[in-house]
Amino acid sequence: IRLEESSDVDLDFIILMDSGAGIYLDEESLDNEVFYNIMFRNEGTDVTFANPGEGASSNTFGNNYCTRSVPAEICTT
């Protein structure tokens with residue numbers, strides 16, 4: 001799943017396995033939420049936030065079961 005220049009997208013309760021990159025949000029993607037997802041056996045990272053953001057325009061995440069993410073704290077193993 002790749003989001004480019006996106007805002008206000010919720011990616012919740014998704015199972016991703018055996019894919020190339022899992023979930024990727026580019027630098028222009030802001031105010032998105034990634035919660036309660038299960039990701040494993042992906043070739044690259046399970047989740048990548050190119051710009052994790054700060055303050056009011058940040059992308060938020062929590063309770064994602066995965067092994068590799070950027071930043072690392074996205075994954076709960």
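This report describes a predicted model of a protein chain, taking confidence, strands, backbone features, the disulfide, salt bridges and a surface patch in turn.

## Confidence of the model

The average pLDDT of the protein chain is 90, and 94% of the residues score at least 70. Confidence is highest in strand β2 (residues 10-12), at 97. The lowest value belongs to strand β11 (residues 75-76), where the mean is 90.

## The sheet

Four strands form an open sheet in the order β1-β4-β7-β10, and their pairing is parallel. At the edges lie β1 (2-3) and β10 (69-70), each of which pairs on one side only.

Strand β4 (residues 23-25) and strand β7 (residues 47-49) run parallel and are joined by three bridges. Within this pairing, Leu25 has Phe49 of β7 as its bridge partner.

## Backbone features in the loops

The peptide bond between Val70 and Pro71 is cis, with omega at about -5 degrees. Pro71 belongs to the loop between β10 and β11.

Two residues other than glycine with a positive phi may be described here. Phe13, in the loop between β2 and β3, has a phi near 55 degrees. Phe13 counts as exposed because its relative accessibility is 66%, above the 50% cut-off. Asp31 has a phi near 60 degrees and is placed in the loop between β4 and β5 (33-35). With a relative accessibility of 30%, Asp31 counts as partly exposed.

## The disulfide

A disulfide is a covalent bond between the sulfur atoms of two cysteines. The whole structure contains one disulfide. It is formed by Cys66 and Cys75, whose sulfur atoms are 2.0 Å apart. The angle about the S-S bond is -115 degrees, and the link of Cys66 and Cys75 is left-handed.

## Salt bridges

Side chains of opposite charge can pair when their charged atoms come close. A search of the whole structure finds two salt bridges. One of them is formed by Arg2 and Glu4, with the closest N and O atoms 2.5 Å apart. Arg2 has a relative accessibility of 53% and so counts as exposed, whereas Glu4, at 49%, counts as partly exposed.

Arg41 and Asp18 also form a salt bridge, and their closest N and O atoms are 2.8 Å apart. This pair links distant parts of the chain, the two residues being 23 residues apart. Arg41 lies in the loop between β6 (38-40) and β7, and Asp18 in the loop between β3 and β4. Arg41 counts as exposed at 53% relative accessibility, while Asp18 is partly exposed, with a relative accessible area of 47%.

## A nonpolar surface patch

Ile15, Ile38 and Tyr65 make a nonpolar surface patch of about 310 Å². Of these residues, Ile15 is placed in strand β3 (residues 15-17). Why does Ile15 count as exposed? The relative accessibility of Ile15 is 59%, and the cut-off for an exposed residue is over 50%.

Key. Residues are numbered from 1 along each chain as its sequence is written. This is a predicted model: local features need pLDDT of at least 70, side-chain atom pairs count only at pLDDT 80 or more; totals for chains, interfaces and linings use all residues. Side-chain values use heavy atoms; hydrogens and water are left out. Two strands pair if DSSP finds at least two bridges between them. Patches are made of residues with over 30% relative accessible area and no salt bridge: like charges are joined within 9 Å, nonpolar side chains (Val, Leu, Ile, Met, Phe, Trp, Tyr) within 5 Å. Accessible areas come from the Shrake-Rupley method with a 1.4 Å probe; for residues, only the protein chains shown count as cover. A salt bridge is a side-chain nitrogen of Lys or Arg within 4 Å of a carboxyl oxygen of Asp or Glu. Buried means under 20% relative accessible area, exposed over 50%, partly exposed in between (1.4 Å probe, protein chains only). A disulfide is a pair of cysteine sulfur atoms within 2.5 Å. pLDDT is the predictor's confidence in each residue, from 0 to 100.
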